[in-house]
Amino acid sequence: MQLDTRRSGTVLALGTAQTLAWASSYYLPAVLAQPMAAAVGLQGAHVFAMFSAALLLAALIGPFAGRQIDRHGGRPVLALSNLGFAAGLALMALSEQPASLMLAWALMGLAMGAGLYEAAFATLVHLHRQDARGMITGITLIAGFASTVGWPLSSWLAVQWGWREACWTWAALHLLLGLPLNLSLPRRGAAAPASPPGGSAAPAQEARGGQGRAMLALALVFALNGFIATAMAAHGPRLLQALGLGMAAAVAVAALIGPAQVAARLFEFGALRRVHPLQSARLATLAHPLGGLALLLLGAPAGLAFGLLHGMGNGLLTISKGALPLVMFGAQGYGQRQALLLAPGRVLQALAPWLFGLALERWQGQALWLSTGLGLLALLVLLRMRPHSSSPSA
(Lines give C-alpha, C1' and ligand atoms only; values in the text may rest on other atoms or scores of the structure.)
Protein backbone atom coordinates (compact mmCIF):
# COMPACT_ATOMS: atom_id res chain seq x y z
CA MET A 1 0.00 0.00 0.00
CA GLN A 2 2.83 2.36 0.86
CA LEU A 3 4.47 1.60 -2.50
CA ASP A 4 1.19 2.22 -4.36
CA THR A 5 0.71 5.49 -2.49
CA ARG A 6 4.24 6.59 -3.37
CA ARG A 7 3.70 5.74 -7.03
CA SER A 8 0.37 7.56 -7.08
CA GLY A 9 2.11 10.59 -5.62
CA THR A 10 4.77 10.44 -8.32
CA VAL A 11 2.13 10.21 -11.07
CA LEU A 12 0.16 13.11 -9.59
CA ALA A 13 3.27 15.30 -9.25
CA LEU A 14 4.60 14.52 -12.72
CA GLY A 15 1.17 14.75 -14.34
CA THR A 16 0.53 18.17 -12.81
CA ALA A 17 4.00 19.42 -13.75
CA GLN A 18 3.50 18.12 -17.31
CA THR A 19 0.14 19.88 -17.58
CA LEU A 20 1.89 23.12 -16.67
CA ALA A 21 4.79 22.48 -19.06
CA TRP A 22 2.56 21.75 -22.07
CA ALA A 23 0.05 24.52 -21.33
CA SER A 24 2.77 27.18 -21.06
CA SER A 25 4.80 26.13 -24.11
CA TYR A 26 3.25 23.95 -26.82
CA TYR A 27 -0.21 25.48 -26.41
CA LEU A 28 0.96 29.06 -25.86
CA PRO A 29 1.29 30.39 -29.46
CA ALA A 30 -2.31 29.56 -30.41
CA VAL A 31 -3.50 32.27 -28.00
CA LEU A 32 -0.59 34.70 -27.62
CA ALA A 33 1.21 34.63 -31.00
CA GLN A 34 -0.78 37.49 -32.53
CA PRO A 35 -0.48 40.05 -29.70
CA MET A 36 3.11 38.97 -29.09
CA ALA A 37 3.98 39.58 -32.75
CA ALA A 38 2.22 42.95 -32.87
CA ALA A 39 4.11 44.17 -29.81
CA VAL A 40 7.52 43.64 -31.48
CA GLY A 41 6.53 44.67 -34.99
CA LEU A 42 6.12 41.25 -36.57
CA GLN A 43 3.34 39.20 -38.13
CA GLY A 44 1.83 36.23 -36.32
CA ALA A 45 3.41 33.86 -38.86
CA HIS A 46 6.86 34.98 -37.67
CA VAL A 47 6.11 33.95 -34.09
CA PHE A 48 4.90 30.56 -35.31
CA ALA A 49 8.17 30.26 -37.24
CA MET A 50 10.04 30.91 -33.98
CA PHE A 51 7.91 28.23 -32.33
CA SER A 52 8.79 25.79 -35.13
CA ALA A 53 12.48 26.59 -34.60
CA ALA A 54 11.99 25.90 -30.89
CA LEU A 55 10.57 22.46 -31.73
CA LEU A 56 13.62 21.74 -33.88
CA LEU A 57 15.90 22.77 -31.03
CA ALA A 58 13.93 20.52 -28.68
CA ALA A 59 14.55 17.62 -31.06
CA LEU A 60 18.30 18.30 -30.93
CA ILE A 61 18.50 18.62 -27.15
CA GLY A 62 16.20 15.65 -26.43
CA PRO A 63 18.77 12.82 -26.74
CA PHE A 64 21.23 14.68 -24.47
CA ALA A 65 18.50 15.23 -21.86
CA GLY A 66 17.45 11.58 -22.12
CA ARG A 67 21.03 10.42 -21.59
CA GLN A 68 21.28 12.55 -18.44
CA ILE A 69 18.05 11.05 -17.12
CA ASP A 70 19.39 7.54 -17.78
CA ARG A 71 22.47 8.39 -15.73
CA HIS A 72 21.15 10.64 -12.97
CA GLY A 73 17.36 10.33 -12.98
CA GLY A 74 14.75 12.83 -14.08
CA ARG A 75 14.60 14.96 -10.95
CA PRO A 76 17.47 17.35 -11.81
CA VAL A 77 16.68 17.47 -15.54
CA LEU A 78 13.01 18.28 -15.05
CA ALA A 79 13.83 20.85 -12.37
CA LEU A 80 16.25 22.58 -14.76
CA SER A 81 13.54 22.57 -17.41
CA ASN A 82 11.29 24.55 -15.05
CA LEU A 83 14.04 27.15 -14.73
CA GLY A 84 14.39 27.19 -18.52
CA PHE A 85 10.66 27.64 -19.04
CA ALA A 86 10.56 30.42 -16.46
CA ALA A 87 13.52 32.20 -18.07
CA GLY A 88 12.07 31.89 -21.57
CA LEU A 89 8.65 33.15 -20.51
CA ALA A 90 10.16 36.02 -18.55
CA LEU A 91 12.25 37.07 -21.54
CA MET A 92 9.11 36.93 -23.71
CA ALA A 93 7.37 39.28 -21.30
CA LEU A 94 10.33 41.68 -21.48
CA SER A 95 10.80 41.49 -25.25
CA GLU A 96 10.57 44.75 -27.19
CA GLN A 97 12.51 43.61 -30.28
CA PRO A 98 12.30 40.53 -32.55
CA ALA A 99 15.81 39.43 -31.53
CA SER A 100 14.96 39.12 -27.85
CA LEU A 101 11.73 37.30 -28.68
CA MET A 102 13.69 34.88 -30.84
CA LEU A 103 16.09 34.25 -27.95
CA ALA A 104 13.12 33.67 -25.65
CA TRP A 105 11.76 30.98 -27.96
CA ALA A 106 15.23 29.40 -28.13
CA LEU A 107 15.18 29.08 -24.33
CA MET A 108 11.71 27.56 -24.60
CA GLY A 109 13.03 25.04 -27.12
CA LEU A 110 15.78 23.96 -24.72
CA ALA A 111 13.23 23.62 -21.93
CA MET A 112 10.81 21.64 -24.11
CA GLY A 113 13.58 19.25 -25.09
CA ALA A 114 14.22 18.51 -21.41
CA GLY A 115 10.80 18.98 -19.87
CA LEU A 116 7.93 17.45 -21.88
CA TYR A 117 6.59 13.89 -22.17
CA GLU A 118 9.83 12.25 -23.31
CA ALA A 119 11.62 13.40 -20.16
CA ALA A 120 8.68 12.48 -17.92
CA PHE A 121 8.42 8.99 -19.41
CA ALA A 122 12.18 8.47 -19.08
CA THR A 123 11.96 9.59 -15.46
CA LEU A 124 9.34 6.94 -14.71
CA VAL A 125 11.35 4.23 -16.45
CA HIS A 126 14.46 5.24 -14.48
CA LEU A 127 12.44 4.95 -11.26
CA HIS A 128 10.34 1.86 -11.97
CA ARG A 129 11.89 0.08 -14.97
CA GLN A 130 9.41 -2.29 -16.69
CA ASP A 131 6.63 -1.39 -14.24
CA ALA A 132 6.36 2.13 -15.64
CA ARG A 133 3.73 1.48 -18.35
CA GLY A 134 0.68 2.06 -16.14
CA MET A 135 2.26 5.17 -14.65
CA ILE A 136 2.93 6.55 -18.13
CA THR A 137 -0.79 6.18 -18.84
CA GLY A 138 -1.56 7.97 -15.58
CA ILE A 139 0.58 10.96 -16.52
CA THR A 140 -1.06 11.28 -19.93
CA LEU A 141 -4.50 11.14 -18.31
CA ILE A 142 -3.68 14.19 -16.19
CA ALA A 143 -1.68 16.14 -18.76
CA GLY A 144 -4.30 15.41 -21.43
CA PHE A 145 -6.10 18.44 -20.05
CA ALA A 146 -3.18 20.81 -20.79
CA SER A 147 -4.97 22.51 -23.67
CA THR A 148 -8.22 22.57 -21.69
CA VAL A 149 -6.41 24.48 -18.94
CA GLY A 150 -3.83 26.35 -21.00
CA TRP A 151 -5.88 27.96 -23.75
CA PRO A 152 -8.60 29.45 -21.51
CA LEU A 153 -6.13 30.60 -18.84
CA SER A 154 -3.77 32.25 -21.34
CA SER A 155 -6.71 33.91 -23.06
CA TRP A 156 -8.24 35.15 -19.80
CA LEU A 157 -4.93 36.54 -18.55
CA ALA A 158 -4.27 38.27 -21.88
CA VAL A 159 -7.72 39.85 -21.94
CA GLN A 160 -7.65 40.92 -18.30
CA TRP A 161 -4.08 42.21 -18.04
CA GLY A 162 -2.23 41.65 -21.33
CA TRP A 163 -0.09 39.00 -23.01
CA ARG A 164 3.07 40.06 -21.13
CA GLU A 165 1.35 39.53 -17.79
CA ALA A 166 0.18 36.12 -19.04
CA CYS A 167 3.81 35.17 -19.70
CA TRP A 168 4.84 36.44 -16.26
CA THR A 169 2.09 34.34 -14.68
CA TRP A 170 3.21 31.17 -16.43
CA ALA A 171 6.83 31.89 -15.47
CA ALA A 172 5.82 32.30 -11.82
CA LEU A 173 3.84 29.03 -11.92
CA HIS A 174 6.95 27.19 -13.10
CA LEU A 175 8.91 28.50 -10.10
CA LEU A 176 6.16 28.19 -7.50
CA LEU A 177 4.44 25.00 -8.67
CA GLY A 178 6.36 23.10 -11.34
CA LEU A 179 9.79 23.33 -9.72
CA PRO A 180 8.67 22.08 -6.26
CA LEU A 181 6.67 19.25 -7.87
CA ASN A 182 9.64 18.01 -9.90
CA LEU A 183 11.99 18.39 -6.92
CA SER A 184 9.59 16.20 -4.92
CA LEU A 185 10.29 13.22 -7.19
CA PRO A 186 12.30 10.30 -5.78
CA ARG A 187 16.05 10.51 -6.27
CA ARG A 188 16.83 6.86 -6.94
CA GLY A 189 15.38 4.36 -9.36
CA ALA A 190 15.25 0.59 -9.48
CA ALA A 191 18.54 -1.18 -10.04
CA ALA A 192 19.27 -2.03 -13.65
CA PRO A 193 19.24 -5.77 -14.39
CA ALA A 194 22.62 -7.36 -14.79
CA SER A 195 23.76 -8.28 -18.27
CA PRO A 196 23.35 -12.00 -18.99
CA PRO A 197 26.65 -13.89 -18.76
CA GLY A 198 28.22 -15.63 -21.69
CA GLY A 199 26.92 -15.48 -25.25
CA SER A 200 28.83 -14.98 -28.45
CA ALA A 201 29.44 -11.69 -30.20
CA ALA A 202 27.60 -12.75 -33.37
CA PRO A 203 24.14 -13.12 -31.76
CA ALA A 204 24.68 -9.85 -29.91
CA GLN A 205 25.58 -8.10 -33.16
CA GLU A 206 22.51 -9.61 -34.84
CA ALA A 207 20.33 -8.38 -31.99
CA ARG A 208 21.76 -4.90 -32.31
CA GLY A 209 21.04 -4.95 -36.04
CA GLY A 210 17.44 -6.04 -35.43
CA GLN A 211 17.02 -3.36 -32.80
CA GLY A 212 18.36 -0.73 -35.17
CA ARG A 213 15.82 -1.70 -37.85
CA ALA A 214 13.02 -1.68 -35.30
CA MET A 215 14.08 1.74 -34.06
CA LEU A 216 14.04 3.14 -37.59
CA ALA A 217 10.59 1.67 -38.13
CA LEU A 218 9.23 3.12 -34.90
CA ALA A 219 10.83 6.50 -35.57
CA LEU A 220 9.03 6.58 -38.93
CA VAL A 221 5.71 5.61 -37.33
CA PHE A 222 6.02 8.23 -34.59
CA ALA A 223 7.07 10.91 -37.10
CA LEU A 224 4.16 10.23 -39.45
CA ASN A 225 1.65 10.22 -36.62
CA GLY A 226 3.20 13.36 -35.16
CA PHE A 227 2.79 15.11 -38.50
CA ILE A 228 -0.88 14.09 -38.65
CA ALA A 229 -1.61 15.21 -35.08
CA THR A 230 0.05 18.61 -35.53
CA ALA A 231 -1.55 19.17 -38.94
CA MET A 232 -5.00 18.47 -37.50
CA ALA A 233 -4.35 20.68 -34.48
CA ALA A 234 -3.36 23.57 -36.74
CA HIS A 235 -5.90 23.14 -39.55
CA GLY A 236 -8.65 20.84 -38.26
CA PRO A 237 -11.59 23.29 -38.22
CA ARG A 238 -10.60 24.74 -41.61
CA LEU A 239 -10.29 21.25 -43.10
CA LEU A 240 -13.71 20.25 -41.78
CA GLN A 241 -15.27 23.37 -43.28
CA ALA A 242 -13.66 22.58 -46.64
CA LEU A 243 -15.36 19.17 -46.46
CA GLY A 244 -18.81 20.67 -46.01
CA LEU A 245 -19.26 21.30 -42.29
CA GLY A 246 -20.42 24.71 -41.13
CA MET A 247 -18.28 26.82 -38.83
CA ALA A 248 -20.21 25.88 -35.68
CA ALA A 249 -20.19 22.17 -36.54
CA ALA A 250 -16.47 22.23 -37.39
CA VAL A 251 -15.60 23.88 -34.08
CA ALA A 252 -17.84 21.42 -32.20
CA VAL A 253 -16.15 18.43 -33.84
CA ALA A 254 -12.69 19.87 -33.11
CA ALA A 255 -13.71 20.39 -29.48
CA LEU A 256 -14.47 16.67 -29.17
CA ILE A 257 -10.87 15.68 -29.91
CA GLY A 258 -9.58 16.50 -26.41
CA PRO A 259 -12.25 14.52 -24.51
CA ALA A 260 -11.84 11.64 -26.99
CA GLN A 261 -8.09 11.55 -26.20
CA VAL A 262 -8.77 11.28 -22.48
CA ALA A 263 -11.47 8.64 -23.02
CA ALA A 264 -9.04 6.53 -25.08
CA ARG A 265 -6.40 6.79 -22.37
CA LEU A 266 -8.93 5.60 -19.78
CA PHE A 267 -9.73 2.69 -22.10
CA GLU A 268 -6.03 1.86 -22.36
CA PHE A 269 -5.66 2.05 -18.60
CA GLY A 270 -8.50 -0.45 -18.21
CA ALA A 271 -9.31 -2.79 -21.08
CA LEU A 272 -5.99 -2.50 -22.94
CA ARG A 273 -3.54 -2.52 -20.04
CA ARG A 274 -2.76 -6.23 -20.55
CA VAL A 275 -2.58 -5.92 -24.34
CA HIS A 276 0.85 -5.67 -25.94
CA PRO A 277 1.62 -2.00 -26.72
CA LEU A 278 2.25 -2.91 -30.35
CA GLN A 279 -1.38 -3.98 -30.69
CA SER A 280 -2.51 -0.75 -29.02
CA ALA A 281 -0.30 1.25 -31.39
CA ARG A 282 -1.86 -0.51 -34.38
CA LEU A 283 -5.36 0.34 -33.17
CA ALA A 284 -4.31 3.92 -32.52
CA THR A 285 -2.70 4.32 -35.93
CA LEU A 286 -5.75 2.88 -37.68
CA ALA A 287 -8.09 5.44 -36.09
CA HIS A 288 -7.22 8.54 -38.15
CA PRO A 289 -7.25 6.80 -41.56
CA LEU A 290 -10.56 5.12 -40.67
CA GLY A 291 -12.12 8.45 -39.71
CA GLY A 292 -10.55 10.15 -42.72
CA LEU A 293 -11.94 7.60 -45.17
CA ALA A 294 -15.39 7.91 -43.60
CA LEU A 295 -15.32 11.69 -43.93
CA LEU A 296 -13.98 11.63 -47.50
CA LEU A 297 -16.49 9.04 -48.70
CA LEU A 298 -19.57 10.02 -46.69
CA GLY A 299 -19.03 13.76 -46.34
CA ALA A 300 -20.22 16.05 -43.55
CA PRO A 301 -22.44 13.46 -41.76
CA ALA A 302 -19.25 11.56 -40.83
CA GLY A 303 -17.67 14.62 -39.20
CA LEU A 304 -18.52 13.49 -35.68
CA ALA A 305 -17.05 10.02 -36.26
CA PHE A 306 -13.89 11.58 -37.67
CA GLY A 307 -13.38 13.82 -34.64
CA LEU A 308 -13.91 10.97 -32.18
CA LEU A 309 -11.68 8.52 -34.05
CA HIS A 310 -8.88 11.03 -34.58
CA GLY A 311 -8.95 12.07 -30.93
CA MET A 312 -9.00 8.51 -29.62
CA GLY A 313 -6.14 7.48 -31.87
CA ASN A 314 -4.07 10.48 -30.86
CA GLY A 315 -4.71 9.77 -27.18
CA LEU A 316 -3.56 6.16 -27.48
CA LEU A 317 -0.51 7.10 -29.54
CA THR A 318 0.79 9.36 -26.77
CA ILE A 319 0.93 6.31 -24.50
CA SER A 320 2.43 4.13 -27.24
CA LYS A 321 5.32 6.57 -27.62
CA GLY A 322 6.25 5.88 -24.02
CA ALA A 323 5.25 2.24 -23.56
CA LEU A 324 6.23 0.63 -26.88
CA PRO A 325 9.98 1.48 -26.73
CA LEU A 326 10.02 0.24 -23.12
CA VAL A 327 8.49 -3.14 -23.95
CA MET A 328 10.43 -3.71 -27.17
CA PHE A 329 13.89 -2.51 -26.13
CA GLY A 330 13.87 -2.59 -22.33
CA ALA A 331 14.59 -0.01 -19.67
CA GLN A 332 18.37 0.21 -20.12
CA GLY A 333 19.21 3.42 -21.98
CA TYR A 334 15.52 4.22 -22.38
CA GLY A 335 15.79 7.99 -22.04
CA GLN A 336 18.30 8.56 -24.82
CA ARG A 337 16.74 5.92 -27.06
CA GLN A 338 13.25 7.34 -26.75
CA ALA A 339 14.46 10.87 -27.47
CA LEU A 340 16.18 9.61 -30.62
CA LEU A 341 12.99 7.81 -31.66
CA LEU A 342 10.92 10.97 -31.29
CA ALA A 343 13.42 13.45 -32.77
CA PRO A 344 12.30 12.97 -36.42
CA GLY A 345 8.73 13.51 -35.25
CA ARG A 346 9.71 16.84 -33.73
CA VAL A 347 11.06 17.92 -37.11
CA LEU A 348 7.91 16.89 -38.95
CA GLN A 349 5.77 18.51 -36.27
CA ALA A 350 7.63 21.75 -36.85
CA LEU A 351 6.94 21.54 -40.60
CA ALA A 352 3.40 20.16 -40.41
CA PRO A 353 1.41 23.43 -40.11
CA TRP A 354 3.17 24.89 -43.15
CA LEU A 355 3.16 21.76 -45.33
CA PHE A 356 -0.42 20.75 -44.61
CA GLY A 357 -1.48 24.36 -45.00
CA LEU A 358 -0.06 24.32 -48.53
CA ALA A 359 -1.91 21.09 -49.26
CA LEU A 360 -5.14 22.57 -47.93
CA GLU A 361 -4.77 25.65 -50.10
CA ARG A 362 -4.16 23.57 -53.20
CA TRP A 363 -6.53 20.65 -52.71
CA GLN A 364 -9.09 22.02 -50.23
CA GLY A 365 -10.82 19.19 -48.34
CA GLN A 366 -9.12 16.55 -50.47
CA ALA A 367 -5.95 17.32 -48.50
CA LEU A 368 -7.35 14.82 -46.00
CA TRP A 369 -6.16 12.11 -48.41
CA LEU A 370 -2.61 13.17 -47.52
CA SER A 371 -2.96 12.58 -43.77
CA THR A 372 -5.06 9.45 -44.37
CA GLY A 373 -2.37 8.02 -46.64
CA LEU A 374 0.38 8.80 -44.16
CA GLY A 375 -1.61 7.10 -41.43
CA LEU A 376 -2.06 3.98 -43.55
CA LEU A 377 1.68 3.94 -44.28
CA ALA A 378 2.41 4.07 -40.54
CA LEU A 379 -0.06 1.23 -39.98
CA LEU A 380 1.65 -0.94 -42.62
CA VAL A 381 4.99 -0.43 -40.89
CA LEU A 382 3.51 -1.48 -37.55
CA LEU A 383 1.83 -4.54 -39.09
CA ARG A 384 5.24 -5.77 -40.23
CA MET A 385 6.60 -5.71 -36.70
CA ARG A 386 6.36 -8.71 -34.39
CA PRO A 387 4.94 -8.15 -30.89
CA HIS A 388 7.71 -10.18 -29.25
CA SER A 389 10.67 -9.23 -31.42
CA SER A 390 12.78 -6.13 -31.82
CA SER A 391 12.85 -6.32 -35.61
CA PRO A 392 10.27 -6.15 -38.36
CA SER A 393 9.28 -9.39 -39.97
CA ALA A 394 10.73 -10.27 -43.34
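**Cores, a helix and a pocket**

Trainee: Which residues touch the most other members in the largest nonpolar core?
Mentor: M36, M92, L101, W105 and M112 do, out of 63 residues in that core. Keep in mind that this is a predicted model.

Trainee: Take L101. What does L101 touch, not counting residues up to four places away in sequence?
Mentor: On that count, L101 touches M36, V40, V47, M50, M92 and S95. Two of those names, M36 and M92, were also on the core list.

Trainee: And the second core, how many residues?
Mentor: It has 40 residues and is separate. L243, V253, F306 and A359 are among them.

Trainee: Switching to helices. How many residues of α7 are buried?
Mentor: Nine of eleven, so to speak mostly covered, over residues 133–143.

Trainee: Which ones are they, the buried residues of α7?
Mentor: R133, M135, I136, T137, G138, I139, T140, L141 and A143.

Trainee: Which elements give two or more residues to its lining?
Mentor: α3 (44–72), α4 (74–94) and α5 (98–115). The largest share is from α4, with seven residues.

Trainee: Which lining residues lie nearest the centre of that pocket?
Mentor: V77, L80, S81, L110 and A114, from a lining of 16 residues.

Trainee: What is the lining of the second largest pocket by class?
Mentor: Twelve nonpolar, four polar and no charged residues.

Methods:
Residues numbered from 1 in each chain as written. Predicted model: local features only at pLDDT ≥ 70, side-chain atom pairs only at ≥ 80, totals over all residues. Heavy atoms only, no water. Core = buried A, V, L, I, M, F, W, Y, C linked by side-chain atoms within 4.5 Å. Buried < 20%, exposed > 50% of the residue type's maximum accessible area, 1.4 Å probe, protein only. Contact = heavy atoms within 4.5 Å. Helix = DSSP H or I, 4+ residues; strand = E, 2+ residues; numbered from the N terminus. 1 Å grid on protein atoms, 1.4 Å probe; cavity = no way out; pocket = protein on both sides within 12 Å on 5 of 7 lines; lining within 4 Å. Nonpolar A, V, L, I, M, F, W, Y, C, P; charged D, E, K, R; others polar.
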